[in-house]
Amino acid sequence: DPSDNPLFRARLLHELVHFAQRASGASANFPCPTRGEFDAYRLGGAYLRELGVPDPMPMRMRWAQRFSAC
């Protein structure tokens, strides 16, 4: 069941961050469309750490910086 899978929930959380960024209007102030990736990846990693689940992206913050670069 995907709803019981912490990796699925982390991915869902990632997408919910993007939804919240758009719904709140925060993304309108981003210097480029990819800027919101940093927060989405960071929060997903924090969620997995809180659960004690190994992160499938061991270099998550490096990738977050790369994916969010303008």
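**View 1. His18 is in contact with Gly36, Glu37 and Ala40, leaving aside its neighbours within four places in sequence.** Contact here means heavy atoms within 4.5 Å. The model is predicted: local features need pLDDT of at least 70 and side-chain atom pairs count only at pLDDT 80 or more, while totals for chains, interfaces and linings use all residues. Residues are numbered from 1 along each chain as its sequence is written, and side-chain values use heavy atoms, with hydrogens and water left out. His18 lies in helix 1, residues 6-24. Helices (H or I, at least four residues) and strands (E, at least two) are DSSP runs, numbered from the N terminus. His18 counts as buried because its relative accessibility is 10%; buried means under 20% relative accessible area, exposed over 50%, and partly exposed in between, with a 1.4 Å probe and protein chains only. The side chain of His18 also makes a polar contact of 3.1 Å with that of Gln21. A polar contact is a pair of N or O atoms within 3.5 Å; within protein, one must be able to donate a hydrogen and the other to accept it, and residues adjacent in sequence count only if both atoms are side-chain atoms.

**View 2. Helix 1 packs against helix 2 at an angle of about 145°.** Their axes are 9 Å apart. Axes are lines fitted to C-alpha atoms, for helices over the stretch in contact, and angles run from 0 to 180 degrees between N-to-C directions. Among the residues that meet are Leu13, Val17, His18 and Gln21 in helix 1, and Ala40, Tyr41, Leu43 and Tyr47 in helix 2. The residues of this contact divide into 11 nonpolar, four polar and three charged. Ala, Val, Leu, Ile, Met, Phe, Trp, Tyr, Cys and Pro count as nonpolar, Asp, Glu, Lys and Arg as charged, and the others, Gly among them, as polar.

**View 3. Cys32 and Cys70 form a disulfide.** Their sulfur atoms are 2.0 Å apart, where a disulfide is a pair of cysteine sulfur atoms within 2.5 Å. The pair links distant parts of the chain, 38 residues apart: Cys32 is in the loop between helix 1 and helix 2 (37-51), and Cys70 is in the segment after helix 3 (60-68). Cys32 is buried, at 13% relative accessible area, whereas Cys70 is exposed, at 65%. The link is left-handed, with -80° about the S-S bond.
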